Protein chains: 4
Amino acid sequence: MLVVMKSEATEQQIEAVCAEIRKQGLVPHPMPGAGRTAIGITGNAGPVNPLPYESLGGVDQCIPVTKGYKLVKREMKPEGTVLDIRGVKIGGGKTFTIIAGPCSVESIEQMRTVAKFLKNLGVGIIRGGAFKPRTSPYSFQGLEQEGLGILRQIRDEFKIATITEVMDTSTVEDVAKSADIFQIGARNMQNFSLLKRVGKERQPVFLKRGMSATMEELLMAAEYVLAGGNYQVMLCERGVRTFADHARNTLDLSVVPSVQKLCHLPILVDPSHAIGRREFVEPMARAALACGADGLMIEVTPDPDHALSDGAQTLDIAGFEALLKGLRPLAQALGRTIN
Amino acid sequence: MLVVMKSEATEQQIEAVCAEIRKQGLVPHPMPGAGRTAIGITGNAGPVNPLPYESLGGVDQCIPVTKGYKLVKREMKPEGTVLDIRGVKIGGGKTFTIIAGPCSVESIEQMRTVAKFLKNLGVGIIRGGAFKPRTSPYSFQGLEQEGLGILRQIRDEFKIATITEVMDTSTVEDVAKSADIFQIGARNMQNFSLLKRVGKERQPVFLKRGMSATMEELLMAAEYVLAGGNYQVMLCERGVRTFADHARNTLDLSVVPSVQKLCHLPILVDPSHAIGRREFVEPMARAALACGADGLMIEVTPDPDHALSDGAQTLDIAGFEALLKGLRPLAQALGRTIN
Amino acid sequence: MLVVMKSEATEQQIEAVCAEIRKQGLVPHPMPGAGRTAIGITGNAGPVNPLPYESLGGVDQCIPVTKGYKLVKREMKPEGTVLDIRGVKIGGGKTFTIIAGPCSVESIEQMRTVAKFLKNLGVGIIRGGAFKPRTSPYSFQGLEQEGLGILRQIRDEFKIATITEVMDTSTVEDVAKSADIFQIGARNMQNFSLLKRVGKERQPVFLKRGMSATMEELLMAAEYVLAGGNYQVMLCERGVRTFADHARNTLDLSVVPSVQKLCHLPILVDPSHAIGRREFVEPMARAALACGADGLMIEVTPDPDHALSDGAQTLDIAGFEALLKGLRPLAQALGRTIN
Amino acid sequence: MLVVMKSEATEQQIEAVCAEIRKQGLVPHPMPGAGRTAIGITGNAGPVNPLPYESLGGVDQCIPVTKGYKLVKREMKPEGTVLDIRGVKIGGGKTFTIIAGPCSVESIEQMRTVAKFLKNLGVGIIRGGAFKPRTSPYSFQGLEQEGLGILRQIRDEFKIATITEVMDTSTVEDVAKSADIFQIGARNMQNFSLLKRVGKERQPVFLKRGMSATMEELLMAAEYVLAGGNYQVMLCERGVRTFADHARNTLDLSVVPSVQKLCHLPILVDPSHAIGRREFVEPMARAALACGADGLMIEVTPDPDHALSDGAQTLDIAGFEALLKGLRPLAQALGRTIN
């Protein structure tokens with residue numbers, strides 16, 4: 001941390017800050033400048049607490065230097081984390097992994113149609129919400145336990161990996177029996193009780209960026225899971241909230257290379273939730289592949305116009321097939337394999 | 001809802017939309033215009049689902065008209081909800097209620113100092129976090145059960161009402177024993193499992209607006225609690241996330257009169273978390289009173305510079321006393337009473 | 001427009017709104033619903049002014065339906081506008097046009113180095129700022145007239161098209177002599193005097209989206225130029241301002257397909273200004289191509305670390321060559337040609 | 001500035017950075033830490049250019065310390081700038097100055113009605129737009145020269161000070177003859193040509209914050225005017241653009257005390273444009289007074305429902321009188337005088 005003194009700060013005030021730094025067991029480095037003095041702090045293991053200094057006389061501001069995350073840092077695993085979900089690889093730069101399926105699990109027939117179709121196309125992970133976070137209490141809240149049962153059945157029948165959202169600590173165990181991957185939704189990215197709880201599990205976690213989360217907050221949320229001992233985490237950009245109103249959210253693709261530089265975890269993109277309109281899912285899926293994302297989460301269902309949730313952004317089966325067909329030559333040009 | 005047709009839409013397409021509307025048990029009202037036709041829909045109880053229409057041929061867009069919330073609507077209780085917490089009134093327009101205390105419960109001594117001081121000043125509700133939502137897993141997470149015990153003791157000793165944050169469904173019962181009011185933090189505003197759970201309790205809920213929640217989402221989150229049968233809810237504006245970087249968040253005071261027009265629940269303001277800097281808490285507290293808020297939540301602790309969390313925004317005892325002193329003539333000028 | 005009445009509105013109030021609509025020469029279409037009445041308005045040429053209705057008794061809200069732009073609408077030119085700048089095509093879907101060059105024109109030697117290099121790579125349009133919009137009055141403001149002279153010389157010498165920013169109405173004529181394309185910067189997107197002025201010229205206009213401009217505002221700004229008689233306009237996404245702090249701005253690529261659906265003008269992407277960091281320009285350039293943008297504006301200069309402005313985001317010559325090399329197979333896979 | 005080295009940076013790399021710092025005529029202060037080394041820089045007059053260092057081997061990031069503005073800094077005039085506009089004082093903390101009038105000048109009759117009314121209420125500055133920045137080229141653009149003539153006539157007739165927006169450099173001279181204060185609108189806050197031009201005038205400038213301008217950018221825009229030699233500048237908060245949709249913009253009142261701490265110029269608030277809805281102007285005006293703003297700009301016109309622009313947010317004469325009446329006891333309680 002750097003403590004910047006006011007231009008009118010006295011020698012006594014500077015010395016008082018240095019004394020306080022020493023009192024905290026750290027080392028002060030005063031640097032007198034033309035206009036004012038700045039005092040560097042070293043000797044700290046993690047981030048320095050600015051509070052003891054901020055209110056001392058003559059202090060103008062405290063500028064943090066060290067980041068708060070450790071286990072998710074790229075330096076911890078420079079080659080990048082590669083997850084293996086029932087044989088499907090995620091991460092590592094060579095593969096581009098597709099996760100697809102309906103917004104909500106609605107029936108065994110619906111899920112069978114989708115699963116069969118996905119298997120035929122070589123997609124190895126199916127999504128489907130059993131518990132649905134809905135803005136209104138009067139909207140469809142998911143099939144809940146029945147939905148989990150359907151997911152289990154689909155997994156057994158089709159040998160396809162499953163992912164579904166877990167919304168609270170009390171359903172973690174039930175979800176663990178039906179899903180190969182825990183999905184943490186955007187609204188729960190900073191539900192720290194839930195992050196700690198899935199940190200104790202050994203199933204992978206798919207963590208969606210919150211609607212107004214900075215990249216650092218996303219990495220810190222992942223850090224919660226890793227700090228609990230669960231190192232199998234992948235991140236997902238799904239659009240952030242801004243003033244722009246031409247799409248449901250603003251898809252922030254530049255977070256992909258930024259995360260990849262700083263963090264060893266895979267990062268996927270969910271263009272369906274980001275854009276909220278079916279017709280623009282395909283161009284944004286291509287952009288996600290092109291900027292280096294590790295994969296996609298895409299909503300697809302046989303009859304999106306009658307879906308119980310999010311139909312406007314969900315592709316039908318032909319639309320998804322077209323999307324996948326469009327991605328293949330792009331992936332090839334980039335030296336990557338779609339799985 | 002209003003279905004707006006494209007300018008090139010044919011008569012057949014318009015009739016197909018009308019047929020679909022009738023199929024859903026609703027009544028279509030086609031209005032041919034100079035440029036294009038719009039079709040109104042009536043006969044619906046709540047919001048109309050746009051999905052059956054959005055993808056029909058010739059449809060340009062669907063514009064919602066009816067709002068999704070019901071129980072929180074001002075029309076349900078035009079005179080406004082007034083809560084009574086151990087004799088302290090919140091809401092109704094005449095009172096301006098102060099909730100104050102440290103960010104975190106740190107010790108019985110700390111809480112005694114604050115409680116004694118608040119009682120002397122006529123403040124009847126003390127805050128203090130036992131479970132703390134922290135961006136980093138390595139930051140102080142609160143005294144947890146020990147903190148709840150301290151809160152209980154303070155309540156008994158000082159006959160002061162208590163409020164503390166509840167972070168998950170599994171600790172609702174414990175929190176209920178120590179706190180007169182459940183606080184739901186900004187990061188949990190759309191933790192729907194938690195909202196449903198406190199909806200089953202009969203203790204009041206203090207619901208903070210999420211960092212990027214629209215007013216409608218805030219009202220819908222409150223609707224979750226009321227829909228569960230718990231009508232004792234108050235809202236809190238605590239700043240939203242924007243590009244502006246001179247304060248920790250952007251305090252959106254205009255939400256206060258907007259909520260009051262549409263909703264019968266009290267709305268308070270937390271300038272401490274909104275601004276994040278002690279020196280600006282007082283002017284924003286005055287602004288909150290002036291724009292008609294029902295009260296404040298303010299952070300105060302005896303020694304903020306050594307607080308375990310959020311010290312930079314926390315007032316010391318003298319600072320809080322000065323703030324309160326500054327509010328009194330303002331409240332009087334506005335015909336309101338501080339309690 | 002749709003006038004939505006309050007649920008408690010009386011028959012008299014509804015009739016009064018209808019009477020006012022008729023008074024404005026328009027046709028009211030009252031639609032009684034279960035909860036409340038909405039009144040459609042037809043007979044209008046452009047957008048209906050909500051003011052006469054908003055304050056009438058019993059009116060809840062007025063919802064606009066018709067968009068304000070006309071000449072930029074896709075329907076006006078369904079095949080899309082294709083510009084031809086000294087033989088370089090922009091727009092139409094088949095080509096992907098690169099505009100490149102330094103942030104600021106610094107010397108004839110610098111511009112010669114860049115121009116020679118660009119010509120060798122087949123890039124036909126060079127950028128370079130002569131007038132620079134800088135946040136600080138103490139920063140380098142551009143070479144101004146001398147910079148324009150250098151641009152003219154480069155154009156003559158290398159037969160390369162030029163683009164440079166025009167910052168005010170008083171320099172439009174001078175800029176017109178040196179630049180084949182007028183660039184309007186993000187800060188001037190709603191400088192309506194300037195938009196009207198370049199609307200009178202016959203040279204193409206490159207219009208950058210403002211930092212907090214909605215898509216509709218961008219289209220309306222372009223409408224100003226077309227309304228003046230200058231139909232040669234291309235748009236540019238260059239990042240918007242949000243809370244996200246991992247990049248200088250948030251590149252909003254989803255605006256590309258959205259604009260292309262509604263508007264016939266080409267839209268390019270400037271990843272250099274959007275991201276602000278050299279190392280992330282290349283992945284975002286690939287994403288821009290993949291999502292269907294009509295081209296790129298890229299900053300490149302021989303010695304970016306000593307550039308007088310924006311060096312941190314500017315590629316060096318090798319970096320630009322690598323970027324272009326990386327784009328070629330992608331363009332081929334997408335059936336497009338880079339020019 | 002602080003150059004933070006990567007943890008793996010070598011001694012040679014650190015020395016190379018120090019050498020480059022010395023080469024720029026500055027003094028390096030390397031501070032070896034537990035994890036990594038940071039290098040402070042002193043000897044600089046203004047901000048240090050990070051470019052020579054950012055791309056050197058082993059450098060992680062460059063953190064700026066010194067601010068870019070000088071003349072607007074509070075330290076330059078600790079007592080604060082007080083403007084005197086035809087006898088009306090603005091700034092200094094004791095007065096609270098009201099500027100009021102219609103959005104657009106529409107006729108001499110309209111302006112006479114407003115001016116007479118304002119004079120009676122003791123309001124000494126009238127606003128009215130002659131040139132109007134409108135999103136659409138098809139909206140009313142103002143009476144232009146005729147509007148300026150009306151403003152001149154009103155000033156002569158009523159001995160009231162006038163303020164009107166100047167939109168480009170070419171009309172500065174004309175505006176100067178009709179207006180006592182140049183208004184620079186939010187869309188032109190970074191129209192640097194215009195800022196430089198009014199910097200050469202000696203009439204006061206009323207500078208509105210841009211829709212997505214940070215506080216520092218606002219101060220830097222004012223710095224442009226002062227740097228030109230015109231020290232008579234006042235600032236205005238008028239709402240910023242965010243995701244929130246209950247108001248036209250998000251009024252950011254916390255910028256008021258923040259600006260007042262750092263800058264000696266007066267800062268006013270425009271609640272009319274910020275909120276965009278008449279009914280919420282009054283509570284936000286009270287909040288502006290309470291948080292310490294130096295005054296208000298309020299839209300008022302005799303018949304807002306038929307105004308040619310911005311009628312929805314404009315008060316009628318009775319509404320304005322009520323607002324003013326509501327402010328007086330508040331001002332008294334705060335020890336301030338409304339003028």
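Modeller: Helices (H or I, at least four residues) and strands (E, at least two) are DSSP runs, numbered from the N terminus. It's a predicted model, with local features needing pLDDT of at least 70, side-chain atom pairs counting only at pLDDT 80 or more, and totals for chains, interfaces and linings using all residues. Residues are numbered from 1 along each chain as its sequence is written, chains are lettered from A and ligands numbered from 1 in the order in which they are written, and side-chain values use heavy atoms, with hydrogens and water left out.

Colleague: Okay, where is C:Asp305 found?

Modeller: In the loop between strand 14 (295-299) and helix 11 (317-333) of chain C.

Colleague: What is C:Asp305 in contact with, leaving aside neighbours within four places in sequence?

Modeller: C:Arg278, plus D:Leu51, D:Pro52 and D:Ser55 from the other chain. Contact means heavy atoms within 4.5 Å.

Colleague: Switching to the interface, how many residues does the contact take from chain C and chain D?

Modeller: 43 from chain C and 44 from chain D.

Colleague: And which salt bridge does C:Glu217 form?

Modeller: One with D:Arg241, where the closest N and O atoms are 2.5 Å apart. The count between chain C and chain D is two salt bridges, each a side-chain nitrogen of Lys or Arg within 4 Å of a carboxyl oxygen of Asp or Glu.

Colleague: Which helix of chain C gives the most to the side that touches chain D?

Modeller: Helix 7, with five residues.
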